[in-house]
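Hi there,

Here is the structure I promised to pass on. Have a look at it first, and then read on for my notes.

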Amino acid sequence: MSRILAAVLAVVSLVNSADAQDFGALARVDASASTVRDGFWGRETTLELALSQGVPWRVYTLDAPRRLVIDFREVDWTGLDPDSFDQSDIVDAVRVGTFRPGWSRLVADLNEPMSLDEAGLVLSEDGGMARLTIKLQSTDEDSFVAASGAPHDPRWDLPAPAAIDVVPNEPLTNRPLRVMLDPGHGGIDPGAEAGGVDEADLMLAFALELQETLLRAGNFEVFLSREADVFVSLEGRVAAAQRARADVFLSLHADALDAGQARGATVYILSEDATDAASEALAERHDRGDILAGVDLTGSDDRVTDVLIDLARVANAPRSLALGNALVSGILDATGNIHKRPLRRAGFSVLKAADIPSALIEVGFLSTQQDLDNLTNPAWRADMAAGIRDGLHDWVVEDMALSDLRRQ
């Protein structure tokens, strides 16, 4: 316990010293001197990172799934191959990257429960090098769960929510439709990968193309939840739509299923429970963005707030259903490439905005060759963008026609 306390104090000291520097340092990792190694009897493992200089850092474990998380401000991971850590029987996989601008993260999946036994960063005498050492000790499952959880520290975390004045949107008859496009994954989470492309990059490119298509059509105002290869939490994506006062939220994905059987575009709207095995598998993959980043989305709303949110979702559900149907029709007319069950329900976190009609579009499946060919074809993507544009246009017409009935 004393060693962990000393490590925590060391982290606090380093963060405090960095406060005066405005967290401006950038450390580079020395891949050749960074290792993960297990103890002789398999009861412990040690992760060592060689850095070009000291930076603020913190370490903790998370459960479901089990993982070790190390945050930095900030590290350049160039040259580090996460697969080089695969010699450990305890550490199953390592992922590194940026989880928001200026902040870096290392996530190590753990095959068994491990407790933090020792953690420390040692600087060379001239300050030109630093070595971060994390030692884990085998523990039981209950102890691991009890000790896990992301720490809360205002020097690391986002500021607490503040009350804001909410200004209702004007009727759509007087202004453009505000659309939030959400390219899936990004940063530390590349999403599905096939044929030399990854989902995060492909969906960002498509989102930019779709944005251009909507802007050229007129009567659309378009925002993106991310405009670069950076991590944005699932909660942050929905929050971005709310800040933009969006009328519609569209999350864009091109996933992969192990069976390789799925093909054609699919549109998902919110359900508290996934409707089938495929939806459950995709929900697990889509929500992995926050698993990778170690974000705990468990809410702490009081009962009254929960009831109000549920009522808002119930009132919003018919609009999301109409949006899903309109998108399916638009995509079918424009491409003809649609799943045999094109409209489904799933419990994706990004669909849970209480007051914004939302849909998640699986533009295609990277695990199916024909879809992969389509997704990497700019002309086909242009047709898909046109289909989504037409679907949004038809939905607006219907939504405006029903607005008076909803008010009644």
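What is the volume of the second largest cavity? In this predicted model, the answer is about 40 Å³. The count of cavities of 30 Å³ or more comes to two.

The lining of the second largest cavity is made up of V36, T45, T46, L47, L68, V91, A108, I134 and L136. Two elements, strand 3 (44–51) and strand 10 (130–138), each give two or more residues to this lining. Strand 3 gives the most, with three residues. By type, seven of the lining residues are nonpolar and two are polar, while no charged residue takes part.

Next, the aromatic rings. How many aromatic pairs does a search of the whole structure find? There is one, formed by F72 and W77. The centres of these two rings lie 5.7 Å apart, and because their planes are at 75 degrees, over the 60 needed, the pair counts as edge-to-face. Are the two partners buried or exposed? F72 has a relative accessibility of 0% and is therefore buried. W77 has a relative accessible area of 10%, which is under the 20% limit, so W77 is buried too.

With a relative accessible area of 0%, S251 is buried. Which residues is S251 in contact with, leaving aside its neighbours within four places in sequence? They are D182, V350, A359, L360 and I361.

Notes:
Residues numbered from 1 in each chain as written. Predicted model: local features only at pLDDT ≥ 70, side-chain atom pairs only at ≥ 80, totals over all residues. Heavy atoms only, no water. 1 Å grid on protein atoms, 1.4 Å probe; cavity = no way out; pocket = protein on both sides within 12 Å on 5 of 7 lines; lining within 4 Å. Points joined across faces, edges and corners; volume = space filled by probe spheres on them. Helix = DSSP H or I, 4+ residues; strand = E, 2+ residues; numbered from the N terminus. Nonpolar A, V, L, I, M, F, W, Y, C, P; charged D, E, K, R; others polar. Buried < 20%, exposed > 50% of the residue type's maximum accessible area, 1.4 Å probe, protein only. Contact = heavy atoms within 4.5 Å. Phe/Tyr/Trp six-rings, centres within 6.5 Å; stacked < 30°, edge-to-face > 60°.
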